[in-house]
Amino acid sequence: MTTIRAVHARSLADPEAFWAEQAERIDWETRCERVLDYSRPPFARWFVGGRTNLCHNAVDRHLATRADQAALVWTSTEVDRQRSISYRELHGEVNRMAAILREFGVRKGDRVLIYMPMIPEAVFAMLACTRIGAIHSVVFGGFASISLAARLDDARPRVVISADAGSRAGKVVAYKPLLDEALARATHRPERVLLVDRGLAPVAMVPGRDEDYAGWRERVGAAAVPCEWLESNEPSYVLYTSGTTGKPKGVQRDTGGYAVALATSMELIFGAHAGDTMFTTSDIGWVVGHSYIVYGPLLAGMTTVMYEGTPVRPDGGILWRLAEQHRVNVMFSAPTAIRVLKKQDPAWLTRYDLSSLRTLFLAGEPLDEPTASWIQQGIGKPVVDNYWQTETGWPVIALQPGIERLPPKLGSPGVPVYGYDVRIVDERTGADCAAGQKGVVAIEGPLPPGCMSTVWGDDSRFVRTYWSNFPDRQRYSTFDWGVRDEDGYLFILGRTDDVINVAGHRLGTREIEESLASHPAVAEVAVVGVADALKGQVALAVCILRDAQLAGTDAAHRALEGELMRIVESQLGAVARPSRIVFVPALPKTRSGKLLRRAIQAIAEGRETGDLTTIEDPSTLDHLRQALGVAEAVPAASGAG
Ligand code: PRX
């Protein structure tokens with residue numbers, strides 16, 4: 001029996017041989033001439049000259065062996081509906097959607113922006129794009145007009161696909177007005193907007209631009225649209241993610257490398273095979289949804305369960321009831337969902353027959369020890385934490401039960417995954433850290449197949465942002481702190497930059513700051529992530545007002561706080577709304593004018609601020625404590641107990 005360590009060592013010692021072997025997992029129209037071209041680091045090109053298609057591999061390829069097997073099982077507790085779609089039916093729907101896009105003039109390389117709730121048509125749309133070589137850019141439905149407009153202007157899609165509405169916790173969320181607002185704001189004008197009408201909210205159609213999906217679906221009939229064979233390095237999609245600037249980065253993904261990486265991960269990491277059923281509770285707007293609701297399970301010939309709803313409606317047993325009902329073998333969720341369940345009756349964990357379930361995977365944010373042990377004991381199944389990013393597309397650090405069952409260590413996502421040369425490096429010098437020494441989690445190039453190829457439309461930003469953080473050495477920075485223990489297990493200790501993680505959703509503090517600063521009363525604002533027992537982190541905004549009198553009374557204060565929260569909600573979406581906004585006369589800064597974010601964070605979390613010898617005005621800290629209603633943290637007595 002092989003070991004995780006041996007597979008990892010082999011993947012790094014001879015990456016070309018390792019990945020050539022994995023490439024056999026998918027169909028190629030033309031085989032590659034070269035497995036890896038790393039002649040222009042840090043740009044890695046995998047399976048050069050190979051021609052393939054993601055949709056062919058996710059759908060068409062399975063028709064010969066599993067046409068009648070369910071490919072997609074959709075459940076909505078929001079609208080109380082279920083739909084099971086076989087591979088044959090999926091093929092039909094994807095062809096129809098592809099035919100509609102073709103009618104709209106969409107060609108290879110064109111972008112299609114998908115702004116949709118969790119409905120099967122969203123999956124048809126993604127697969128239809130990759131079928132014809134169009135590049136999809138899915139924007140999370142929880143984002144509002146400004147976020148959407150920024151993505152429209154950057155991706156410049158020919159077509160937008162959307163719907164009348166989504167539904168969240170029983171409340172209809174109209175998408176079309178948000179989309180119209182974004183389109184009015186954006187300078188780029190897509191030619192067509194294709195709308196799926198679920199009958200949830202009224203839709204005002206713009207003649208000449210807006211098109212009705214149901215009508216077009218009838219019109220194109222049982223269409224057959226051939227797959228467009230793409231060179232392995234041609235882009236499949238762009239997915240935007242937050243960084244330290246207000247402008248989101250378009251993570252560009254290739255085609256062949258992504259297909260190979262996902263197919264390999266299904267077996268080696270998830271221990272899953274054709275015919276198995278996977279239930280991933282994410283959203284198609286996030287990378288976990290792209291890789292493990294849509295492409296991963298379908299590439300492997302599995303059944304994927306797509307869920308529109310929350311973990312607690314109609315009750316705290318819904319996730320496990322779905323797992324029983326669909327005989328789920330592999331589940332993938334986020335620590336926040338489990339922390340939400342911890343507030344429910346624990347009896348839900350044992351009420352359903354989970355005998356089909358082998359493993360529960362959790363990712364997206366730190367998995368705290370109490371939550372990990374609570375759920376592991378509660379459902380009596382192995383829980384596998386895994387660490388990765390939108391940029392990597394698939395897990396970087398994980399226990400890999402598909403290879404070997406290594407004992408988990410609570411608080412650690414495990415060990416480096418094959419293909420990734422993960423290092424813990426000194427923040428300043430980039431030199432490797434010893435075991436036990438905290439450093440930045442970095443990856444030695446080339447990144448393995450499936451990772452981001454570049455920033456959409458901006459190669460230099462890719463190099464500058466990710467590969468220029470350490471002197472003398474080009475290494476990919478994850479922007480996470482980490483530490484390795486003596487056994488080689490890695491622990492993730494939070495972000496090194498201003499990115500925050502709220503309930504598993506990655507958000508840039510800069511975008512929230514820009515939104516708050518658009519209010520005329522706000523002179524300056526800092527947003528930081530503050531530890532939260534349920535959501536991992538929440539956003540705290542600290543504002544300076546132009547007229548200090550404005551927030552003079554408690555009532556005025558609360559009114560302004562509400563107004564500012566509504567601004568963020570309407571511009572960026574409810575996910576980005578700060579949990580709290582406080583007003584201070586001045587922000588803590590260094591003498592050179594640099595904002596002391598970590599000091600704000602420490603005070604809000606009731607911790608010591610540490611050494612602040614460079615602070616310009618120490619009284620700003622007292623003002624902040626006063627505004628937050630917290631006392632000064634008492635230094636811990638060293639050497640005690
Ligand atoms: O800070 C790390 C955290 O989430 C970031 C990536 O978020 P996103 O791009 O949305 O991709 C999520 C893919 C699962 C990372 O830089 N993060 C993700 N997984 C973990 C984690 N932090 C601790 N433990 C994890 N398992």
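Modeller: The domain assignment divides out domain 1, covering 88-228, and domain 2, covering 503-628, and since the model is a predicted one, what follows describes computed geometry. The C-alpha centres of domain 1 and domain 2 are 36 Å apart, and where the two meet, eight residues of domain 1 are in contact with nine residues of domain 2. Between domain 1 and domain 2 an area of about 580 Å² is buried, with carbon and sulfur atoms contributing 55% of that area. On the side of domain 1 that touches domain 2, the residues fall into four nonpolar, three polar and one charged.

Turning to the cysteines, the structure holds zero disulfides. For Cys32, the closest cysteine sulfur belongs to Cys451 and lies 17 Å from the sulfur of Cys32, which is too far for a bond, because a disulfide requires the two sulfur atoms to be within 2.5 Å. In terms of accessibility, Cys32 counts as partly exposed because its relative accessibility is 28%, while Cys433, with a relative accessible area of 16%, is buried, the cut-off for buried being under 20%.

Key:
Residues numbered from 1 in each chain as written. Predicted model: local features only at pLDDT ≥ 70, side-chain atom pairs only at ≥ 80, totals over all residues. Heavy atoms only, no water. Domains from an automatic or database assignment. Contact = heavy atoms within 4.5 Å. Buried area = accessible area lost by both parts, 1.4 Å probe. Nonpolar A, V, L, I, M, F, W, Y, C, P; charged D, E, K, R; others polar. Buried < 20%, exposed > 50% of the residue type's maximum accessible area, 1.4 Å probe, protein only.
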